[in-house]
Amino acid sequence: MGDFFSNLSLGFGVALTLQNLGLAFLGCLVGTLIGVLPGVGPIATIAMLLPITFGLDPTGALIMLAGIYYGAQYGGSTTAILVNIPGEATSVVTALDGHQMARQGRAGVALGIAAIGSFFAGTVATLVIAALGAPLTKLALIFGPTEYFSLMVMGLVFAVVLARGSILKAIAMILVGVLLSTVGTDLETGEERMTFGLPFLADGIDFAVLAMGIFGIAEIMRNLDHTETRDVVRQAIGRLLPNRDDFKQSYKPVLRGTFIGAALGILPGNGAVLGPFASYTLEKKLAKDSSRFGRGAIEGVAGPESANNAGAQTSFIPLLTLGIPPNAVMALMVGAMTIHGIIPGPQVMTKNPTLFWGMIASMWVGNLMLLIINLPLVGMWVRLLKVPYRLLFPAILMFCCIGIYSINSLPTDVMFIGFFGFIGYMLIKFGFEPAPMLLGFVLGRLMEENLRRALIISRGSLETFIERPVSAGLLAVAAILLVIALLPSIRKGRDEVFTE
Amino acid sequence: MSTLHEGAGPDRPDGPVRAPQNVAGGLVLVALAALALWLTRDLDQGTLNAMGPAMLPRWLAIAVGLSGLALLASAFIKHGDALERWNLRGPVFVIGGIVAFALTIRPFSFGALTTPGLGMLFAGPLAIIIGGYATNEARLRDLVILSLSLTPFCMILFGDLLNLPIPVFPQALTGLFPSNWSQKEVLRATAAIMAVVAVIVFLATRGRRRGSIDVADHSGRI
């Protein structure tokens with residue numbers, strides 16, 4: 001317990017310096033600014049804004065990036081509530097009731113409760129990370145390559161189960177992602193694989209380039225397909241602070257949402273995505289009058305938004321303790337950390353405690369900043385949302401180009417975002433969801449490395465994965481999950497959750 | 001959002017193919033698997049004890065191919081979505097804008113040809129104007145004003161404030177300014193000139209088509 005407080009105070013000592021406070025503020029502000037644009041999710045936002053952190057020291061850069069991440073998340077919710085265009089999967093649920101509230105002239109309250117719920121969830125999640133960080137890091141030390149490999153397999157199975165639409169397509173996407181990660185020089189033998197002899201492919205495909213193409217450029221192309229029907233609320237935003245009745249209705253959903261989101265966020269394989277859905281379904285089940293849902297029920301905003309933010313934050317845990325990015329956003333964080341010379345994993349906490357605890361403390365600071373900047377700035381976001389898409393997307397396009405060029409100073413990188421953008425567009429047209437592919441790509445290299453090591457230790461015997469108890473347990477969970485997801489009755493329920 | 005589905009919606013396709021989208025998806029996966037197998041054909045697979053470079057890619061490719069085949073097979077058994085209509089205007093101009101940016105940001109040579117490195121000063125507006133035509137609602141005037149105001153903003157932000165190593169303008173430009181000016185001063189002056197030009201263009205063309213187009217009310221709902 002004493003450790004817990006001394007660690008947190010060390011963290012706050014770092015996070016509350018004037019410079020780092022400023023960086024967290026700036027990060028939240030630009031993150032929201034970009035994240036609020038329709039069709040720009042957190043992944044594209046972070047990839048676009050990554051270069052602006054290059055000149056900073058590692059701690060400052062990570063604090064700013066975390067700020068950008070929260071800002072982008074909150075910006076997505078703002079867009080969902082005001083325009084009914086969810087920027088990413090997690091704010092789909094918010095759009096359901098949030099936008100209805102906005103149409104009833106209660107946009108301010110919806111945004112307010114979302115911000116307050118998120119802040120509460122963020123505070124709890126920060127404490128959870130601080131409490132679990134140290135023990136989980138110790139757990140990581142007993143993990144060998146065999147366990148790591150099985151854990152990642154489990155993560156990928158999670159991603160398959162959580163993906164929308166056909167399971168077969170999700171599996172195919174994961175496999176393609178892992179396959180893409182093997183492009184480039186083989187680390188063990190130094191031989192080039194599938195590079196077409198092109199020198200810029202020798203280091204493999206850059207993750208930021210792939211993510212920007214699939215999530216930034218493809219999204220632009222997809223939006224251009226549809227004639228614009230943006231439904232920006234015309235009603236007044238209304239008062240921002242929820243009144244006593246609102247609070248009374250929403251404090252329980254916030255508590256439950258925080259708990260669900262925080263628990264799911266820890267799971268590898270993008271469990272955070274499930275949080276808002278689970279919270280919404282639960283609130284609907286618990287409500288006395290479930291017909292209010294979908295017509296502007298405040299619980300339908302408060303719960304999922306809290307779950308969303310709690311999950312967004314606890315998904316840092318697998319990254320910081322085990323070095324495994326549980327989703328694409330965290331994979332970008334890995335990229336950012338590596339640029340600053342930090343390799344994520346259990347050793348960060350022991351080798352670099354000021355950075356580790358400073359970043360955790362700054363998560364709370366970032367949540368506070370969001371509360372402070374977002375509520376007064378709502379008017380500005382509304383104005384930004386009224387800019388027609390035909391002017392927005394060329395600007396987004398140029399920011400993407402500049403952003404990706406600044407990472408490696410390679411014109412080929414810029415061309416590749418166009419190429420992957422088209423691939424992403426094709427995938428969407430053929431009904432594939434790109435998110436599992438990205439996760440497969442992220443984990444691919446780590447998986448190959450650990451698979452190799454595990455097999456060397458076991459002298460080429462695949463049985464090692466079921467002989468070692470921890471590994472066997474993880475694989476069993478993965479197998480059970482997959483079977484459950486394939487059962488017809490559960491499948492139906494799963495489809496309902498996602499179509500709701 | 002659903003205007004596109006009109007033609008392909010409720011009527012189920014006749015013939016043996018019941019899910020055209022899955023046929024296309026399956027074919028793409030099989031093709032990808034074949035490509036990967038062909039690319040790794042000369043590489044050593046090794047043994048489980050000492051995996052060679054081709055082990056994982058090859059088995060992954062086989063798995064991808066099998067998923068593709070399964071998807072293909074399912075397309076003849078289960079009903080599924082029809083293929084959406086393709087509109088190539090978007091992708092073509094968006095990619096065009098991106099390629100224009102990539103080719104002009106710094107000298108880029110392929111074979112004997114080398115493109116001039118023009119820096120953000122030209123690459124930015126090129127990306128905005130070419131990319132902007134991806135929608136049929138594009139208007140040159142708006143795109144020109146947008147590029148003339150956003151580019152100097154980015155030049156100042158990335159080149160001046162953040163000091164990123166991104167080429168901002170061609171070297172020849174420095175010749176136009178007094179020789180004792182530093183790079184930063186040239187950058188700021190150029191950005192200022194562009195911003196002023198943006199304002200002039202905005203003011204000069206403002207009155208011309210007033211009445212017929214109401215920019216603020218374009219989406220019809222605000």
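**Overall form and nonpolar core of the predicted model**

The model is predicted, so local features need pLDDT of at least 70 and side-chain atom pairs count only at pLDDT 80 or more, while totals for chains, interfaces and linings use all residues. Residues are numbered from 1 along each chain as its sequence is written, and chains are lettered from A and ligands numbered from 1 in the order in which they are written.

Chain A contains 22 helices and two strands, these being DSSP runs (H or I, at least four residues, for helices; E, at least two, for strands) numbered from the N terminus. Of its 500 residues, 62% are buried, that is, 20 or more other C-beta atoms, placed from the backbone, lie within 10 Å of the residue's own.

The largest nonpolar core holds 231 residues. Such a core is a set of buried Ala, Val, Leu, Ile, Met, Phe, Trp, Tyr and Cys residues joined through C-beta atoms within 7 Å. Helix 6 (residues 107–142) of chain A supplies the largest share of this core, 17 residues. Ile46(A) and Ala127(B) are among the members that touch the most others. Beyond its neighbours within four places in sequence, Ile46(A) is in contact (C-beta atoms, placed from the backbone, within 7 Å) with Leu65(A), Ile68(A), Tyr69(A), Ala72(A), Val329(A) and Leu332(A).

In chain B, 13 of the 17 residues of helix 3 are buried.

How values were computed:
Buried ≥ 20, exposed ≤ 12 C-beta atoms within 10 Å, placed from the backbone. Contact = placed C-beta atoms within 7 Å.
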